[in-house]
Amino acid sequence: MKRRLFIAGNWKLNKTAAETSQTVADLKEKLADFNGTLDVALFPPFLSIAAGQAAAEGSPIGIGSQNVHFAESGAYTGELSAAMLKEAGIELVIIGHSERRQYFGETNETVNLRTKASLAAGIKPFVCIGETLQERESGNMETVLKGQIVEGFAGISADQMTDLVVAYEPVWAIGTGVTASPAQAQDTHAYIRSEFAALYGQAVADKVIIQYGGSVKAGNVAELMSCEDIDGALVGGASLTAEDFSALILNAAALS
Ligand SMILES: O=C(CO)COP(=O)(O)O
């Protein structure tokens, strides 16, 4: 039995508060006949979150944050704590996106700390993992993913594993228009699930939601979501307009 799909849009550094209000309002309208068979969320930039929440009210669209710091407070200029997000009504957060690993020095260890801080605050983490092209082509993909899993999820309990979402995003497929083929993605998702089974047992691993991310669009989402171990999508470019994202969501929802 397949897990409930979770389709989420990561807006990265795009959309002011005004643009967020408009896009979320448009999306809400386009999802008026949505059958509710999957979960939907958007992750706008911090300062656009409040506008997104207001516009999404009364709709199935969850609104989350793209990052969180691991400390409760202290000398961390420019950062926000999990308690601050929670106070602002934020219950979803992306952690360890490859762009944060690449440009902002995120490591498996900081991903782990942020994940624990979020779970402790009652915020659902979307923990990103994924290999670069060089890592895949040099035959190191499984070693890299295993390291991200073993270190990134260290100390996370079996119960907590079902409170979070794992997002597998091969770095070479992000924003490039190159999608992993459904077979490639399925193989890697099965490998990732087997690593969680090794850590937590098969029964827990079978419940873990593993999203795929990297050039997912309305035209390829159905094929990807039909794969046994793919439980949703973390979407960049194709989540930026209500037209594209609603088409993608409705195509995925039509599967169930
Ligand atoms: O990084 C991504 C989502 O977090 C994927 O981005 P694209 O869908 O634009 O490839």
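The model is predicted, and local features are reported at a pLDDT of at least 70, side-chain atom pairs count only at pLDDT 80 or more, and totals for chains, interfaces and linings use all residues. Residue numbers start from 1 along each chain as its sequence is written. The average pLDDT of the protein, where pLDDT is the predictor's confidence in each residue from 0 to 100, is 97. A score of at least 70 is reached by 100% of the residues. The ipTM is 0.99 and the pTM is 0.97.

Helices (H or I, at least four residues) and strands (E, at least two) are DSSP runs numbered from the N terminus. Lys 12 is not a glycine, yet its phi is positive, near 50°. Lys 15, also not a glycine, has a positive phi of about 90°. A residue is termed buried if 20 or more other C-beta atoms, placed from the backbone, lie within 10 Å of its own, exposed if 12 or fewer do, and partly exposed in between. Lys 12 has 19 such atoms within 10 Å and is therefore partly exposed. Lys 15 has 21 other C-beta atoms within 10 Å, so Lys 15 is buried.

An unreviewed UniProt entry lists His 97 and Glu 169 under "active site". UniProt positions follow the numbering used here, feature names are shortened, and annotations may be inferred rather than shown by experiment.

His 97 occupies the loop between strand 4 (92–95) and helix 4 (98–103). His 97 is buried because 27 C-beta neighbours lie inside 10 Å. Glu 169 is found in the loop between strand 6 (165–168) and helix 9 (182–200). With 26 other C-beta atoms within 10 Å, Glu 169 is buried. Beyond its neighbours within four places in sequence, Glu 169 is in contact (C-beta atoms, placed from the backbone, within 7 Å) with residues including Ser 98, Cys 128, Ile 174 and Leu 234.

Around the ligand are 14 residues, of which Asn 10, Ile 174, Ser 215, Gly 236 and Gly 237 come nearest. A residue is near a molecule if its C-beta atom, placed from the backbone, lies within 6 Å of it. The shell comprises five nonpolar, eight polar and one charged residues. Ala, Val, Leu, Ile, Met, Phe, Trp, Tyr, Cys and Pro count as nonpolar, Asp, Glu, Lys and Arg as charged, and the others, Gly among them, as polar.

Conventions. Two residues are in contact if their C-beta atoms, placed from the backbone, lie within 7 Å.
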